[in-house]
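I opened this entry to log what I looked up, surface by surface. The structure goes in here, and my notes follow.

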2 protein chains.
Amino acid sequence: MNEERYARIIGNISRCTALPYDQQQHFLAALEVKHVPKKAPLLRAGEVCDFEAYVNKGCMRSYFLDEHGHEATLQFGTEDWWVSDLVSFEQGAPSRMFIEALEDSELLLIRRDKKEQLYRDVPGLERVFRMMLLRNLGALQDRLFATMAWPAEDRYEAFLKRFPDLSNRVPQHMIASYLGITPEFLSKLRARRVGK
Amino acid sequence: MNEERYARIIGNISRCTALPYDQQQHFLAALEVKHVPKKAPLLRAGEVCDFEAYVNKGCMRSYFLDEHGHEATLQFGTEDWWVSDLVSFEQGAPSRMFIEALEDSELLLIRRDKKEQLYRDVPGLERVFRMMLLRNLGALQDRLFATMAWPAEDRYEAFLKRFPDLSNRVPQHMIASYLGITPEFLSKLRARRVGK
DNA sequence: TGAGGTTCTTGTTCCAGTTCAATGAACGCA
DNA sequence: TGCGTTCATTGAACTGGAACAAGAACCTCA
């Protein structure tokens, strides 16, 4: 077992539940390592999402895209984040989102067919993933409220504050797509900021 | 046990899992009946949400409200819907939303302190509530995408299609607050619609 | 029965954010 | 080394929706 590769994910789930050593090993044994080159898709709308992916290295993005070409970024995932379409994963329904790599990335996947067994072997995990779901829900509520109630400039400030590292790691037009504005307008917001 | 009062909620959870009669009785015994008069608050931001409420009769609304007076409606709940702040409920954290009655309403509450016992007595319930959480998440994703990518008119059409009964049951300025627009603008959208 | 609060509408003005177009910078890639 | 492509910036014209203001149509309850 490659200790270095798995140190981070153990730290991640241990934040919720402390696992004894043998359960950690059970958990790690269920993981699948996957490398995704830059710009490659990990999930396409219409497919069933059969994984939850922990980003060990690199950067991913999930987004929605409708038939009119309207696009909106749901989430960026860098080191120590999870990316997945949880709704599709849990319900086995076709996904409505896309997930792609923004950089060459290394992921640790939990496949759906291993999940039940894993819950039995490592009881604490159920709590971990329930927490993930709830964090997700809370973040989405905040996001919806901000999108509905705040002007773009405030949303951009909030984004910079919450994800300081992302702003010079992902292309700007994708940040615009996260904020729900055009790339041109984001550019103007930035120009305005420097003046202040 | 008042059969009539509980017929609907049994139907509601049975959609997910069929429960044997004795488990149904366990479930019903854990419920608390609560009447909320029109305009009365059920939950205020800052409080911990210690219930999940099934709307047996009436109509509720949950919404966010920030220090600048910005308001956004998260959800309407009429008969056969659940309303709660699940994030606060599950994590015991102070809520960030308000819930109020739009009509005199009868609710069936599950209190947080009864939940653990209930899961033990009625194993199928865990699945039911997980499904609720996931439906919630999915709905919120759709909503965020629509808010970011669609013009107000399209969002209004989608609202009418998805909740045909609500449009003449809920005051219009609250529908506007659900759509993320001003009441005045919604009024103009409606005027425009009639012309077509 | 009215009087006073809601709720909805309509018009005008104004601004945040879009669209379109042009330019330049940065980045693979042969 | 050069060349096509993607990406960021800037400007001008436009528009969806907000803000403000005023009137009309209501509940509702003393």
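**DNA strand D.** I began with the residue classes: the surface near DNA strand D has 7 nonpolar, 4 polar and 5 charged residues. I used "near" for a residue whose C-beta atom, placed from the backbone, lies within 6 Å of the molecule or strand. In my classes, Ala, Val, Leu, Ile, Met, Phe, Trp, Tyr, Cys and Pro count as nonpolar, Asp, Glu, Lys and Arg as charged, and the others, including Gly, as polar. This is a predicted model, where local features need pLDDT of at least 70 and side-chain atom pairs count only at pLDDT 80 or more, while totals for chains, interfaces and linings use all residues. Residues are numbered from 1 along each chain as its sequence is written, and chains are lettered from A and ligands numbered from 1 in the order in which they are written.

Which residues come nearest to DNA strand D? Of the 16 around it, I noted A:Q172, A:S187, A:A191, B:A152 and B:F185. α8(A) gives the largest share of this surface, 6 residues. At least two residues each come from α7 (172–179) and α8 of chain A, and from α6 (152–162) and α8 of chain B. Helices here are DSSP runs of H or I with at least four residues, strands are E runs of at least two, and both are numbered from the N terminus.

**DNA strand C.** I then turned to the other strand. DNA strand C is surrounded by 16 residues, and the closest are A:A152, A:F185, B:Q172, B:S187 and B:A191. Two or more residues each come from α6 (152–162) and α8 (183–195) of chain A and from α7 (172–179) and α8 (183–195) of chain B. α8(B) gives the most, with 6 residues. The class count reads 7 nonpolar, 4 polar and 5 charged.

**Chain A against chain B.** I found 23 residues from chain B and 23 residues from chain A in the contact. Contact means C-beta atoms, placed from the backbone, within 7 Å. On the chain B side, α5(B) supplies the largest share, 13 residues. That side has 13 nonpolar, 7 polar and 3 charged residues.

I checked A:Q141 next, which lies in helix α5 (residues 124–149) of chain A. Is A:Q141 buried or exposed? It counts as buried, because it has 23 C-beta neighbours inside 10 Å. The cut-offs, on C-beta atoms placed from the backbone, are 20 or more others within 10 Å for buried, 12 or fewer for exposed, and partly exposed in between. Leaving aside neighbours within four places in sequence, A:Q141 is in contact with B:L74 and B:L140.

**Sheet in chain A.** I traced an open sheet of 4 strands in the order β2-β7-β4-β5, with antiparallel pairing. Strands pair if DSSP finds at least two bridges between them. β2 (41–43) and β5 (71–77) of chain A each have a single partner strand, so one side of each is left without a neighbour in the sheet. Neighbouring strands are turned by 30° against each other on average, direction ignored. α7(A) packs on the sheet, touching β4 and β5 of chain A, and its direction makes about 105° with that of β5(A). Axes are lines fitted to C-alpha atoms, for helices over the stretch in contact, and angles run from 0 to 180 degrees between N-to-C directions.

Key: Two residues are in contact if their C-beta atoms, placed from the backbone, lie within 7 Å.
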